[in-house]
Amino acid sequence: MKKLVLIVLLACFNLALFAQVQTPAASPAGSVSATVGLTDIKINYFRPRMKGRKIFGTEASVLVPFGQIWRTGANSGTKVSFSDDVKVEGIAVPKGEYLLLTWPGATEWTIVLSKDVTLGGNTQKYDKANDAARFTVKPEKLTEKVETFTINIGDIADDSKSAKVQLAWENTSVKFTVTVDFDAKVMESIKNFTKVEPGNYFQAAVYYLENKKDLNQALEWVNKAAEGMNSPFFVLYQKARIQKALGDKKGASETATASLAKSKEAGNRDYQMMNEELLKSLK
């Protein structure tokens, strides 16, 4: 019995020894991600707060002095990953994970993507030889202060081929552009999947139309999609657009008229309006 009591007491002691009191972090972890084209961009970082301090500048009291290396956040710094090869400010960067380092300045920031992600916040051991990309950008002044350091991925282009990563803190914002290339993936997908599903013909045809590829091939595919899907209004609408792009106004008008009728039957106002606009452009 005494041995049992001793074991219980030892277990309680060990639990008390290793238990930790949890409190909110001074610089909480944050993450942001976005799919640009077919590429996943992910950023993991730590978010320091202003807490009444001056952040950027030349004064001795600032937290991040101009011209000095900054881990771009707190704790172990900021990691950026790309699921595919990309270009960052025009510089080719292979897919993978990188450490984001910056040198803030009044009129220009130097930004580096370092291959040495183990560096973390230990910036004194930074080695330029590990740079995957180095470039400069111009800072912008914000009209409202950002209390907590924030990273965003936004300004995704209409063609899904680029986005901007924004760093914002205090009254300063800097952005850099990430450009992606998904054409090779899409072409391979078209090659592999159009043979088995009519809807894939439709997607392939629209892709060819939107990216100004072989319009005759696009027309062939959209016709196969229409045949396999019983000519729904949305397929006919895209077929009419392809015919218009090929210069076949008569055929485009007939197809758009058929699409308009079917969209009215389906009660789809968006396609009614789109077809009406298309028909106007064909007159």
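This report walks through the strands, helices and aromatic contacts of a predicted model.

## Ground rules

Local features are described at pLDDT of at least 70 and side-chain atom pairs at pLDDT 80 or more, while totals for chains, interfaces and linings use all residues. Residues are numbered from 1 along each chain as its sequence is written, and side-chain values use heavy atoms, leaving out hydrogens and water.

Helices (H or I, at least four residues) and strands (E, at least two) are DSSP runs numbered from the N terminus.

Let us start with strand β1, residues 29–36, where the side chains alternate.

The partner is β2, residues 39–46, joined to β1 by eight bridges in the antiparallel sense; two strands count as paired if DSSP finds at least two bridges between them. A29 has F46 of β2 opposite. Two residues lie between the strands of this hairpin, and G37 takes a positive phi near 65 degrees.

## A four-stranded open sheet

Another place to look is the open sheet with the order β7-β6-β12-β11, in which the pairing is antiparallel. β7 (91–93) and β11 (140–154) stand at the edges with a single partner strand each, so one side of each has no neighbour in the sheet. On average, and with direction ignored, neighbouring strands here are turned by 40 degrees against each other; the axes are lines fitted to C-alpha atoms (for helices, over the stretch in contact), and angles run from 0 to 180 degrees between N-to-C directions.

Strand β6 (residues 86–88) runs antiparallel to β7, with three bridges joining the two. Within this pairing, V86 stands opposite V93 of β7.

## Helix α3 and F202

Helix α3 covers residues 198–210, and its end C-alpha atoms are 19 Å apart, which agrees with the 18 Å that 13 residues should span at 1.5 Å a residue. That expected span is 1.5 Å times one less than the number of residues. Among the buried residues of α3 are G199, Y201, A204 and Y208. The buried residues pack against α2 (183–193), α4 (215–228) and α5 (233–245), with contact meaning heavy atoms within 4.5 Å. After α3 comes K212, with a positive phi near 55 degrees.

What does F202 touch, not counting residues up to four places away in sequence? The contacts are A225, F234, V235 and Q238. F202 lies in α3 and counts as buried because its relative accessibility is 15%. From F202 to F234 is 32 residues in sequence and 9.6 Å in space, C-alpha to C-alpha.

## Helix α6 and S263

Helix α6 has 18 residues and reaches 25 Å from its first C-alpha to its last, close to the 26 Å expected. Its buried residues are G251, A252, T255, A256, S259, L260 and S263, and what covers them includes α5 and α7. G267 follows α6 and has a positive phi, near 70 degrees.

S263 has a place in α6, which runs over residues 249–266. S263 counts as buried because its relative accessibility is 0%. Not counting residues up to four places away in sequence, S263 touches F233, N268, Y271, Q272 and N275.

The whole structure holds 16 aromatic pairs. Rings of Phe, Tyr and Trp (its six-membered ring) pair if their centres lie within 6.5 Å; planes under 30 degrees apart are stacked, over 60 edge-to-face and the rest tilted. F233 and F234 form an edge-to-face pair, 5.8 Å centre to centre with 90 degrees between the planes. At 14% relative accessibility F233 counts as buried, whereas F234 at 26% counts as partly exposed.

Y237 and Y271 also form an edge-to-face pair, with 5.6 Å between centres and 85 degrees between planes. Y237 lies in α5 and Y271 in α7 (residues 269–281), so this pair ties together parts 34 residues apart in sequence. Both Y237 and Y271 are buried.

Elsewhere, Y45, F56, W70, W109, F149 and W169 form one aromatic cluster. R134 lies over the face of W103, at 5.0 Å from the ring centre; for such a contact, NZ of Lys or CZ of Arg must be within 6 Å of the ring centre and within 35 degrees of the ring normal.

Methods. Buried means under 20% relative accessible area, exposed over 50%, partly exposed in between (1.4 Å probe, protein chains only).
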